[in-house]
There are 2 protein chains.
Amino acid sequence: MDRAGKFPRLLRSAYLAMHRASDAHFTRHGITADQFVLLACLGEQDAVTQQDLVQRAASDPSTIRAMLVLLEGRGLVIRGRHPDDGRARVVRLTSKGRRLFERLWRTSEPIRVRLLAGFSEQESNVLLGFLGRLTENANAMVSRRRASRHALATQEAT
Amino acid sequence: MDRAGKFPRLLRSAYLAMHRASDAHFTRHGITADQFVLLACLGEQDAVTQQDLVQRAASDPSTIRAMLVLLEGRGLVIRGRHPDDGRARVVRLTSKGRRLFERLWRTSEPIRVRLLAGFSEQESNVLLGFLGRLTENANAMVSRRRASRHALATQEAT
DNA sequence: GGGAAATGTTGCGTATACATTACAAATAAC
DNA sequence: GTTATTTGTAATGTATACGCAACATTTCCC
């Protein structure tokens, strides 16, 4: 049980260390590590709404919007209007954005390799499974909270 | 090898989800999840320099200072002068800060438990080991970079 | 179809992460 | 001992993370 006490800080240090290492690489190419995450999301499936990006990038609407505004200013993405939904926007990579993403995806390969240095194939798979389960556990907490808060608000409104 | 490609985003989503869940809890008690990390560092060993906290909290000097200024403003920590080193400061928990930390440590226990829900004792240990190795791998990248940059700067200076 | 609820986005405010620069004190080099 | 280097902190600026409220549009329900 003492183990559980140290876990959050270890997850924190692992993530922040990875982020620093990534950022050090991407910054030399003009973007941030977080912006690269967005480009990668758009590289997988283009022409999605900002809301989709919120899910894919595990972020929130305000942050996604701010990042997209910056990326649009650099000519890497375009935020068009959704044809069927007047509220939504459709985000696409520009050709410049796609070229940058594909180049950075290649040049960042060594980072991903070194990050998992010493991990066997099996260990990597176990780790990925663990991280998925952790994400689900954590998301269950916040969505339950939101759900109950929503239920409360609805209840109060009646 | 395709596994490695998905890993960074999974680590990102796991950390951010944990951070959101934690923050939702601590915010209701007046502090942020990150501030709690600092209190926890001070709870383990009091009267340390800001530089020590940089190491323990896996952060950087600017961030630590900004957080400490806020915590000091709320009367949770005191930043005194180091007796032997005129540059350094010695940070301590106030009694108010210690009481808050101990209370929040107890009330946040369910979060840590739920986060690891479904993980066996053995799995938790494996996970902790993995996170430690990841942190080392990532830190090795940035410190090597800094070391080489330093070597370069020194070289250029001569 | 008209009002209520839900949804996608935007704007604003605060806290973090971090680079960079500046500054003062301590340490090393000679 | 004086200079050069290192080191702890401070100050500034940009980018993120996120809560919250405002807004417009869409969907739901009757």
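1. The contact between the two protein chains takes 45 residues from chain A and 45 residues from chain B, where two residues count as in contact if their C-beta atoms, placed from the backbone, lie within 7 Å. This is a predicted model, in which local features need pLDDT of at least 70 and side-chain atom pairs count only at pLDDT 80 or more, while totals for chains, interfaces and linings use all residues. Residues are numbered from 1 along each chain as its sequence is written, and chains are lettered from A and ligands numbered from 1 in the order in which they are written.

2. On the side of chain A that touches chain B, the elements giving two or more residues are helix 1 (2-27), helix 6 (109-115) and helix 7 (121-157) of chain A; helices here are DSSP runs (H or I, at least four residues), numbered from the N terminus. Helix 1 of chain A gives the most to this side, with 20 residues. By class, the side has 26 nonpolar, 10 polar and 9 charged residues, with Ala, Val, Leu, Ile, Met, Phe, Trp, Tyr, Cys and Pro counted as nonpolar, Asp, Glu, Lys and Arg as charged, and the others, Gly among them, as polar.

3. The copies meet through the same surface, because 100% of the interface residues of chain A are also interface residues in chain B.

4. Chain A can be laid on chain B by a turn of 180° and a shift of 0.0 Å along the axis, with an RMSD of 0.1 Å, the superposition being by least squares on the C-alpha atoms of residues with pLDDT of at least 70 in both. The two copies are thus related as by a two-fold rotation axis. In chain A, the C-alpha nearest that axis belongs to Tyr15(A), 3.3 Å from it.

5. Around DNA strand C there are 27 residues, of which the closest are Gln50(A), Gln51(A), Ala88(A), Ser62(B) and Gly86(B); a residue is near a strand if its C-beta atom, placed from the backbone, lies within 6 Å of it. Helix 4 of chain B gives the most to this surface, with 5 residues. By class, the surface near DNA strand C has 7 nonpolar, 12 polar and 8 charged residues.

6. DNA strand D also has 27 residues around it, and Ser62(A), Gly86(A), Gln50(B), Gln51(B) and Ala88(B) come nearest. The elements that give two or more residues to this surface include helix 2 (33-44) of chain A and helix 3 (50-56) of chain B. Its largest share, 5 residues, comes from helix 4 of chain A, and by class the surface near DNA strand D has 8 nonpolar, 11 polar and 8 charged residues.
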